Amino acid sequence: MFDRIAQTISNQSLKLDLPVHVAVKRLDQIHPQISGNKFFKLKYNFLEAQRLNLKQIITFGGAYSNHIAATAYAAQRFDFQSIGIIRGDELAHKALNPTLLTAQQLGMQLQFASREIYRLKETPEFLAELKQKYPLAYIIPEGGTNALAIQGSQEILTQTDLQDYDVICCAVGTGGTITGLIEASTDRHTILGFSALKGDFLQQEVAQRTLKTNWKITDDYCFGGYAKTDDQLFQFIQSFEAQHRIPLEQIYTGKMLYGIFDLISKGYFDENTRILAIHSGGLQGRKVP
Ligand SMILES: *Cc1c(COP(=O)(O)O)cnc(C)c1O
């Protein structure tokens, strides 16, 4: 079902006057609505929901979540009803932002949960209650990360990619995508994750999902925390976009590429290292001045 709607994915080599090679894997070009890594994360979840003959998809996210947007579209496309449980009950009384408006227009029923309730969303009690209320629903966790999402994310890298590149870079939110990349890689590769969030908890969470050790997550380029930005980041994004004709956004891919170029300038990579940066999409949330 999913593969039929995907455009072909290209690796775009950047023209650089630097001692390393950088290419960008354009997952942003997969599909206008189910873009980037969310395509791979949703694929096996939707196949499973279909196999189980379920009728609804329920999932969770923040107000600007790319996962909410992608899930709303996929649900409509593949004939599921969808419910999005959105963090923040104060939003119920405000005008919907573009992400939520689009999700609603795609047929997603939005339910706003207080932060206290939202925090309980992974507890067995909360999930049991949800299952009882919606017996025909398939529940996808926040950000879409579960075992089937990791299985899908392994398909991001092709055999040719594994032959052609030494270091694979990606942005990290919940850690599902990087776990798939790690599982697909060999010991010859290094997987480098650029966290969109502050703190080292993602390092620990990913370590619980894989036995491999050829990877690392840094929060050095989170710009203070999730969705935080500054002029330096915006200036980088603007000049990168102008130079390479690849659109970025400020939450994930802009920070990752900023980090890659900063590490290159500091001599972090050996000469002639071949770096593949995964463009995980997310352009529906792009807000760059
Ligand atoms: C969701 C998202 C990520 C984070 O993916 P995880 O699997 O949650 O780590 C990265 N980039 C973009 C553009 C995203 O939308």
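This short talk goes through the ligand site and then some of the salt bridges.

What you see is a predicted model, in which local features need pLDDT of at least 70 and side-chain atom pairs count only at pLDDT 80 or more, while totals for chains, interfaces and linings use all residues. Residues are numbered from 1 along each chain as its sequence is written, and side-chain values use heavy atoms, with hydrogens and water left out.

Let me start with the ligand. There are 15 residues around the ligand, and those that come nearest are Lys 38, Lys 41, Asn 66, Thr 174 and Ser 280, where a residue is near if one of its heavy atoms lies within 4 Å. By class, this shell holds two nonpolar, eleven polar and two charged residues. A polar side-chain atom of Lys 38 lies 2.7 Å from an oxygen atom of the ligand, and a polar side-chain atom of Asn 66 also lies 2.7 Å from a ligand oxygen. Taken alone the ligand exposes 380 Å², of which the protein buries 97%, with areas from the Shrake-Rupley method and a 1.4 Å probe.

Now to the salt bridges, each a side-chain nitrogen of Lys or Arg within 4 Å of a carboxyl oxygen of Asp or Glu; by this rule the count comes to eleven. Glu 142 forms one with Arg 87, the closest N and O atoms being 3.6 Å apart, and Glu 142 also meets Lys 121 in a salt bridge, at 3.6 Å from N to O. Lys 266 forms a salt bridge with Asp 262, with 2.7 Å between the closest N and O atoms. Finally, Asp 3, Lys 43 and Glu 155 are linked in a network of salt bridges.

Conventions
A polar contact is a pair of N or O atoms within 3.5 Å; within protein, one must be able to donate a hydrogen and the other to accept it, and residues adjacent in sequence count only if both atoms are side-chain atoms. Ala, Val, Leu, Ile, Met, Phe, Trp, Tyr, Cys and Pro count as nonpolar, Asp, Glu, Lys and Arg as charged, and the others, Gly among them, as polar.
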